[in-house]
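These are my notebook entries on a structure that I had not examined before. I set down what I looked up, entry by entry.

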Amino acid sequence: MTSSKSKTLNPAIVRDDFVPAEDYTSRDFLEKEKQKLWTKVWQVACREEELKSVGDFVTYNIHDESFVVVRTAEDRIQAFYNVCMHRGRRLTAGCGRTRVFHCNYHGWRWNLDGSLNRILDRDDWKGCPSVSDEDFSLREVKTGTWGGFVYINPDPDAEPLADYLAPMPDFIDPFEFEKLRYRWYVSVKLPCNWKVALEAFNEGYHVAATHPQLLENAGDDVTRSFIYGKHGMFAYPTATRPWGAPSPRTGKPLPEDLRPGLVNFFDEMNHTLRAIYTERDTEAVRRLMTETEPSADINTLMEPMVGFQREAAEASGAGWPEVTMEQFGKAGVNWHVFPNQIFLMYFDGALCYRARPNGDDPDSCIYDIWSLVRYAPGAEPRLERQNFYGDDDWKNFGAISIILQQDFDNMEQVQKGMKSAAFNAARTSPLQETSVSNLHRWVRHYAMEEDRSETGRKGTAAGGLPQ
Ligand code: FES
Ligand SMILES: [Fe+2]
């Protein structure tokens, strides 16, 4: 990056209500992210369930870099730059199981732990500098696990993963994400910057306009977002209407019987999202209609509703996490783990997103979507990764999820619109979209080191939710 190039970037400071447009559109900004952000942060590479046996590996690509994450022992996962140390061929691709990493070009080989296994005609290098086994071993990067997710960090001086994620696990650990397994796994190429894609899932403010059908049963849809260091979350702490009721925006009255709305909510989500809430939850909630009173308020309904769902999960052998109602309330609805992971959770399921830049193109990204469910051991479906990598594949996502298609339908237009001469910044809501602006504050913290003194806003929670 030349200094003249960096001068083209607007040094404007991100505010809760202001995110410079170039963060999404500038090639220079993307290059800075590549050099200074992705090389320094913990980022989710895969799930532990993808690395069941020794030798199982998954490749993780970010920009034009690639890593291979591999189980090297029953209790050990390691990750390496996915490159041959001879003449630079990518070592492997996709995922699978292997005993050694073998380069197809000239046949150099490495053991699973990255140590050198073989160099063809090694004596050719006799007398040359830097030719020890060590010199030729694969270059390792840091790994860590939390909640069944495997994270990597290319920075050798990176802080421990637990410190990086804090305080998020305090809220989420009771949900036992490590016991979730893939219900489905989809990866889609989207015609927008990785942050445009991620942010479509980092606030609830868009629901009224983008998913109007969800206003029928989800209660008051006004959100508040909260910042926890680099990470963020949104929830509904100011809701004036309970779950199961139509949003006040609909103009519809508060129903006397909330039960049909709750049943409809689960039905709707199960059919149009196919994630967070399980089919098991959807069936179990029907018991409300016969086993509770029509006049019961939401506080009276929550305990039996969750109880029915727990019974169903335990009867199936899936088990249920010990999450108290207080923990459930405090955990909020939707978390952003800096820089590029989002998840929403219920007691026995979660929906996780990961956005990655697609090579060096600021107008394209790869969006991974993981529906996770708590299954009885051995009852989980076989993992199939579905890739939608054609240019227009994202337009045909409705069969997977109607709700996600509605989200995707905004993204291309956002990316185009942000390049308009009339648009210099996103004017994010200082109450409902601080999770979005905070992402940019921290991306800039890494990507534009000269801005660092202006960042570092920590632990503030707009709206007053206790941390
Ligand atoms: S490039 Fe890999 S062995 Fe030659
Ligand atoms: Fe959405």
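The entries below concern a predicted model and go from domains to single residues.

**Entry 1. Domains**

I began with the division of the protein chain. Domain 1 comprises 1-41 + 175-467, and domain 2 comprises 44-146. I looked up the separation of their centres, taken over C-alpha atoms, and found 34 Å.

I then turned to the contact between the two. On the side of domain 1, 10 residues are in contact with six residues of domain 2. Strand E12 (180-190) and strand E17 (349-358) each supply at least two residues of the side of domain 1 that touches domain 2. The strand that gives the most to this side is E17, with three residues.

**Entry 2**

Next I looked up an open sheet of seven strands. Its order is E2-E11-E10-E5-E4-E3-E6, and the pairing is antiparallel. Which strands stand at the edges? I found E2 and strand E6 (95-97) there; each has a single partner strand, so one side of each is left without a neighbour in the sheet. From one strand to the next, the twist averages 30°.

Is it enclosed or exposed? Five of its five residues are buried, so E11 is largely enclosed by the rest of the structure. I recorded the directions of the side chains as well: Phe149, Tyr151 and Asn153 point one way from E11, whereas Val150 and Ile152 point the other way. Residues on both sides of the strand are buried.

I took the two partners in turn. Strand E2 (residues 43-47) pairs with E11 in the antiparallel sense over four bridges. Within this pair I found Gln43 opposite Ile152, and Arg47 opposite Phe149.

On the other partner, strand E10 (residues 140-146), I noted five bridges to E11, again with the strands antiparallel. Here Trp146 stands opposite Phe149. E10 and E11 form a hairpin with two residues between them. In the turn, Gly147 has a positive phi of about 60°.

**Entry 2. Cis peptide bonds**

I looked up the peptide bonds next. Most peptide bonds are trans. A cis bond joins Ala166 and Pro167, with omega about 0°. I placed Pro167 in the loop between helix H5 (161-165) and helix H6 (168-172). The bond from Phe338 to Pro339 is also cis, with omega near 0°. Pro339 lies in the loop between strand E15 (334-337) and strand E16 (341-345).

Finally I looked up backbone angles. Most residues other than glycine have a negative phi. His63 has a positive phi, near 55°. This residue is in the loop between strand E3 (56-62) and strand E4 (65-73). Is His63 buried or exposed? I found 20 C-beta neighbours inside 10 Å, so His63 counts as buried.

Arg274 also has a positive phi, near 60°. I located Arg274 in the loop between helix H9 (259-272) and helix H10 (279-284). With 19 other C-beta atoms within 10 Å, Arg274 is partly exposed.

How values were computed. Residues numbered from 1 in each chain as written. Chains lettered and ligands numbered in written order. Predicted model: local features only at pLDDT ≥ 70, side-chain atom pairs only at ≥ 80, totals over all residues. Buried ≥ 20, exposed ≤ 12 C-beta atoms within 10 Å, placed from the backbone. Pairing = 2+ DSSP bridges. Domains from an automatic or database assignment. Contact = placed C-beta atoms within 7 Å. Axes fitted to C-alpha atoms, helices over the stretch in contact; angles between N-to-C directions.
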